[in-house]
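Morning, everyone. Please have a look at the model on the screen, and then I'll walk you through it.

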Protein chains: 2
Amino acid sequence: MSKILRVNMTNLTAKFEDVPEKYKLTGGRGLTSAITCAEVPPTCHPLGPNNKVTFASGIVTGTIAPTSGRISIGGKSPLTGTIKEANSGGMAGQKLARLGIKAIIVEGQPKEKGKFWLLKVDKDGAQLLPADEFVGKGLYETYPRFFAKFGKNVGIMGIGVAGEKLMSMAGVCVNDPQGRPSRYAGRGGMGAVMGSKGLKAIILDDTGGPGVPIANKEAFEAGRKKLIAALQEHAITKPGGALNTTGTATLINVINEAGALPTRNFSEGRFEGANKISGETINETCKKRGGVGMTGHSCSPGCIIKCSNVYPKPDGTELVSCQEYESVWSFGANCGIDSLDVTGELIRLSNDYGVDTIEAGVTIGVAMEAGLAKFGDGKKAIELMHEIGKGTPLGHILGNGGAITAGTFGVVRCPTVKGQGMPAYEPRAIKGIGIIYATSTMGADHTSGYTIAPEILGISGEVDKFKVEKSDLARNFLHTTAYFLDSSGHCLFISFAILDIASGLEGVVEECNGVLGTNWTVDDVVRMGRDIVKMERAFNEAAGFTKIDDRLPEFMKYEKLPPHNVVFDVPDKELDKVHNP
Amino acid sequence: MSKILRVNMTNLTAKFEDVPEKYKLTGGRGLTSAITCAEVPPTCHPLGPNNKVTFASGIVTGTIAPTSGRISIGGKSPLTGTIKEANSGGMAGQKLARLGIKAIIVEGQPKEKGKFWLLKVDKDGAQLLPADEFVGKGLYETYPRFFAKFGKNVGIMGIGVAGEKLMSMAGVCVNDPQGRPSRYAGRGGMGAVMGSKGLKAIILDDTGGPGVPIANKEAFEAGRKKLIAALQEHAITKPGGALNTTGTATLINVINEAGALPTRNFSEGRFEGANKISGETINETCKKRGGVGMTGHSCSPGCIIKCSNVYPKPDGTELVSCQEYESVWSFGANCGIDSLDVTGELIRLSNDYGVDTIEAGVTIGVAMEAGLAKFGDGKKAIELMHEIGKGTPLGHILGNGGAITAGTFGVVRCPTVKGQGMPAYEPRAIKGIGIIYATSTMGADHTSGYTIAPEILGISGEVDKFKVEKSDLARNFLHTTAYFLDSSGHCLFISFAILDIASGLEGVVEECNGVLGTNWTVDDVVRMGRDIVKMERAFNEAAGFTKIDDRLPEFMKYEKLPPHNVVFDVPDKELDKVHNP
């Protein structure tokens, strides 16, 4: 029987509890959000004693379902003030699930400020250990020391110096299959919440663990096969397909072509240096320089898409994993920087200090707008990242994200929603994703509802990117994502296949039915996704959010974005229809 | 006929307009809020092109009504995101009124960033002049240069470097009768709004101006006499009374005794060094050292209370005007500093850089909590103030106030409401003022409804300070203040006399009737105050504020305040009843 592990940082206790009935048939975001809604006062200070941080693997995570290694981390966000769930690949999700742990809930706060602890969990139980020796160091130094102490087989969810210093762009770092500190539940500052609880890392050793029980093996197998078939068939997800050969950064040229690649702090939609930071260039450079490159690297075991990469220095030795689309954009086009060596170094520093690459890049863009560096100045951008690591006053500003940085320097062109930096799609040029940014329960977040699929890639039918009547589209994406992807434990990138291939979608539901012994249909699962969003909205409403918060920043309504010279012209009424159709 | 002067900073035009009928019978806050509500989109960025800043004298300002020299400055606040009105004494209010100008509305934004202008207004008209030579300097250097250029008879409303740099604790500085840059419409960052419009200062020369017409001289005279009589009778306001002899800081020992003097960033309610920074000590020190001291200095002509002071250095030469209660507390007890020479220097620097002393002191308290200085370290506190003046990254953090500083450094004990720092009364120990902080339309603000009068001073009947059922009391104070004080143009400090002496209250109404030719009763004026608050609430609601924003910070609900060991225990329902009885 799987358990909930409750860790109280005030008393320094870790106790197992039975899983309440109401939590038995959910997982991932569905579970972290349910626990947050049940146990966290919506008006509490995110870094105070009354917030909690919950870790939960997806429903099928830990099984052999394809591309399903996600771990969800949720609580109240110090970046947005809303409810938050961020999920990550890497090694932790599967290990937590195989230990028979449905969720870890971390609550309370140590009396002693600046004191940190490790939570070690294995088949024999859980204990809190002093973390003093691991504090204040870069994660490229720290993670190998974790392995040296706890063995190579552990999954780690840890924070870097940014989380220790309570910076709200601090993510939670998960080791990749080779032990790199490179996979992140990055967004929303859950690393700072861990930091506020004095929790440096969770170390999971699933050796001898019970594994994930499967109630209906037949259903599970059938579903799994359907999903595998769909993933292997679809042009974007198949072996040798777009994601597999040029990675997520395959989108750089596509979105640039669409005039929707936010450039120089969202002042333009097309970057003259785009091709130099594209997926194609990443691939070519990897081939030229040698090393692991893009040859089938995956972020977690059991992924059959394998879109990750390991980017080499000029001499072929490793610089960083991974040059993702979002990171290459945020540090690249958004800062006017056209060098993959610079974006690679900035990603490496993000991994080392423990920050979200999207928020970090958006923030450096805002800092450049404020005059702290010139757009395109990679050397200065790297220096700004080091300020975060050093924890200087400037580092504290930047480490708290784009909105705080804009507020501190009086920058009006601040590309955030509910305090969270916008990802790599310009909402003025792609209206649907703008509606998602505005109406997501978690601030500007493309993973809440990836409407780029139909709006740019023609997936599940083509939709004109300039069309503004998209509340129905956005609502469908928000609801579907909440369950099919974020609760099931699958990666966002299965969405290309399951949107286009109906049997793939059914496969996900059947996998869940297999694990849980349920008989859900696709419609049931959409409904459950809707209920998750509804519950999260209720949390936010109780925290003081209104429809006025479901808006894009004002400047996007009066500043025309080149090259299409468009403003964000989706009427407020259309935005309000997303949650009140 | 009085006029409205509309200044467009995009086109650099200044044009006179007739006063619309709806604005004819109001002034001060009533007028700035009405114009803000009518012309400013509630969701606009406070520092963007769509915000406006409005300057309006009180209804009787510019006449010989006693203690009525206030000028209101309003718009959308960059500190709180709410509607904002801050008013000040000094020389500007009367001169604006005597020029026959009902309000100045400043709108738009120059295309060229960092370029500043002066608005010069005299009987012949208004013009915008380049301000380059006055930018980037301390106001103790700048104001004398204004007088050298425009004559000694001008009223000035200007911003310091903090406003130029768009810091949200930037106030608007008004010259005192001797030309000091020492009177402030301090709260809410209206100086940053001026800065965002490229307006360095407004220079008012009322020589030969038409003056304020009085419709019913008899009524005016009768009212004025009643108010004078009340002010001269009441123990707090009379010549030789508490305010006149020990200034506003007469309250330090009183509030400390009540266990309600916020100490070391609101962690205690009593300061062991209180007497060293009390009004009594200010008075003694002034007598001992010589100089102007507390011998009847007033902040604007026509004041008969004269609570101001000019504090000397040890050698008797001038250090600063004025050691007010709020400033002495914020830089003193709140920072654990027990030296008037240090608080004096910090006030002087606030005047010089152009910041609100309350917000600055609250911010330094938060910075001390964050470990940037030790509580009690005056030298370091002065260094922190210089950071603001220099505009370093740390200075930008601090210059944006307590909430941004707390956010940047992860400080949970953040004594702000709607982003504005709390003044010098601990809401856990005095519940009514806590209700005011929570439910004011402008964030934590004691001047919105000074319930200290009944709760501590026994004025208008004594009320137990620990009693929590005070929504009725708070509502009455909020409504009464909006009109009787903030719109009529009188100083907050007439409230002691008009609360205790009914004829004083009538006097204010009769003064207004005299100027406007109306026949209002006290009840009419209370109703109009209610309407002002209602209108401001509607603005805030349209800007996204809800009852959840009408709360004190969470830590005050679980941290017990010594010496009474009390939390803020006013139920949310009681808070909600203030505006929804």
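First, a term: contact means heavy atoms within 4.5 Å. Another: buried means under 20% relative accessible area, with a 1.4 Å probe and protein chains only. Helices are DSSP runs of H or I, at least four residues, and strands are runs of E, at least two, numbered from the N terminus.

Now the ground rules. This is a predicted model, where local features need pLDDT of at least 70, side-chain atom pairs count only at pLDDT 80 or more, and totals for chains, interfaces and linings use all residues. Residues are numbered from 1 along each chain as its sequence is written, chains are lettered from A and ligands numbered from 1 in the order written, and side-chain values use heavy atoms, without hydrogens and water.

Start with helix α15 of chain A, residues 401-409. How many of its residues are buried? The count is 7 of 9. Among them are Gly401(A), Ile404(A) and Phe409(A). The cover includes α12, α14 and β16 of chain A. It also includes α14 and α15 of chain B. After α15(A) comes Gly410(A), with a positive phi near 70°.

Next, helix α1 of chain B, residues 28-39. Here 9 of 12 residues are buried, including Arg29(B), Leu31(B) and Ile35(B). Strands β3, β4, β5 and β6 of chain B are among what covers them, as are helices α18 and α21.

Last, the two copies. 97% of the interface residues of chain B are also interface residues in chain A, so the copies meet through the same surface.

Terms used. Expected span 1.5 Å × (residues − 1). Buried < 20%, exposed > 50% of the residue type's maximum accessible area, 1.4 Å probe, protein only.
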